[in-house]
Amino acid sequence: MNQHEKRDRLPSTAVLARAREPILERWRAAWNADAAFADWFWAETRTALSIGADASLESAFAGLEWRRLRVSQDQQAPEWAGVRAPARRQDGANERHR
C-alpha cells in the first residue's frame, strides 16, 4: 500500500466533520429527489451502516462516523488529514506544497 496516497487512507475525524454539511446536502439533492434512488440509497445505507428502518440523513451520517471509527480501530488504517492550503511566501504570493 502506498502510504502517501489519499485513496489508501481513511478520512480523519476532523475531515469528516468538516465535510458533514456538504455530504448531507449532496445526499438530500441526489437521493431525496427520486423515489427509486431513495429506496435504493436507504436499503444500502441500512445494511452498510447498521441504522434503523426509520433513519434520517443525520442518523445515516452518524452511522458513517461510527463505521469510520470502527475501520480505524480494527484495521489501524492511516488517516488522511485533508487538503493543505498553499503556503504563503513572504511577498504574499502562494506556493504549492510539494
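Student: Is Ser50 buried or exposed?

Tutor: The model is predicted, and Ser50 is found in its loop between H2 and H3. A residue counts as exposed over 50% relative accessible area. Ser50 has a relative accessible area of 54%, so Ser50 is exposed.

Student: What is the value of phi at Ser50?

Tutor: Ser50 is not a glycine.

Student: Is Arg68 buried or exposed?

Tutor: Arg68 is found in helix H3, which covers residues 57-75. Leaving aside residues up to four places away in sequence, Arg68 touches Leu10, Pro11, Ser12, Thr13, Leu16 and Glu79. Buried means under 20% relative accessible area. Arg68 has 9% relative accessibility and therefore counts as buried.

Student: At what angle do H1 and H3 pack, and what is the handedness of their crossing?

Tutor: The axes of H1 and H3 are 10 Å apart, and the packing angle is about 145°. The crossing of H1 and H3 is right-handed.

Student: Which residues of H3 meet H1, and how many residues of the contact are charged?

Tutor: From H1, the residues taking part are Thr13, Leu16, Arg20, Ile23, Leu24, Trp27 and Arg28. In H3 they meet Leu57, Glu58, Ala60, Phe61, Leu64, Glu65 and Arg68. The residues of this contact of H1 with H3 include 8 nonpolar and 1 polar, and the number of charged ones is 5.

Student: Where does the kink in H1 lie?

Tutor: Helix H1 spans residues 13-31 and has a kink of about 50°. The kink comes shortly before the proline Pro22, and it lies at Arg20.

Student: Which residues of H1 are buried, and what covers them?

Tutor: The buried residues in H1 are Val15, Leu16, Leu24, Trp27, Ala30 and Trp31. Their cover includes strand S1 (10-11), H2, H3 and strand S2 (79-80).

Student: How do H2 and H3 cross, and how do the residues of their contact divide?

Tutor: The axes of helix H2 (residues 35-49) and H3 come within 10 Å and cross at roughly 35°, and this crossing is left-handed. H2 contributes Phe41, Trp42, Thr45, Ala48 and Leu49 to the contact, while H3 contributes Leu57, Ala60, Gly63, Leu64 and Arg67. The residues of the contact of H2 with H3 divide into 7 nonpolar, 2 polar and 1 charged.

Student: In what order do the elements of the protein chain run?

Tutor: The secondary structure of the protein chain comes to 3 helices and 4 strands. Read from the N terminus on, the order of the elements is β-α-α-α-β-β-β.

Student: What share of the residues of the protein chain counts as buried?

Tutor: The accessible surface of the protein chain comes to about 7,300 Å², and carbon and sulfur atoms hold 51% of it. Of contacts between residues at least 6 apart in sequence, 48% join residues at least 24 apart. Among the 98 residues of the protein chain, the share that counts as buried is 24%.

Methods
Residues numbered from 1 in each chain as written. Predicted model: local features only at pLDDT ≥ 70, side-chain atom pairs only at ≥ 80, totals over all residues. Heavy atoms only, no water. Helix = DSSP H or I, 4+ residues; strand = E, 2+ residues; numbered from the N terminus. Buried < 20%, exposed > 50% of the residue type's maximum accessible area, 1.4 Å probe, protein only. Contact = heavy atoms within 4.5 Å. Axes fitted to C-alpha atoms, helices over the stretch in contact; angles between N-to-C directions. Left-handed = near helix turned anticlockwise from the far one by under 90°. Nonpolar A, V, L, I, M, F, W, Y, C, P; charged D, E, K, R; others polar. Bend = angle between axes of the 7 residues up to and from the residue. Areas by Shrake-Rupley, 256 points an atom, 1.4 Å probe, with all protein chains shown as cover.
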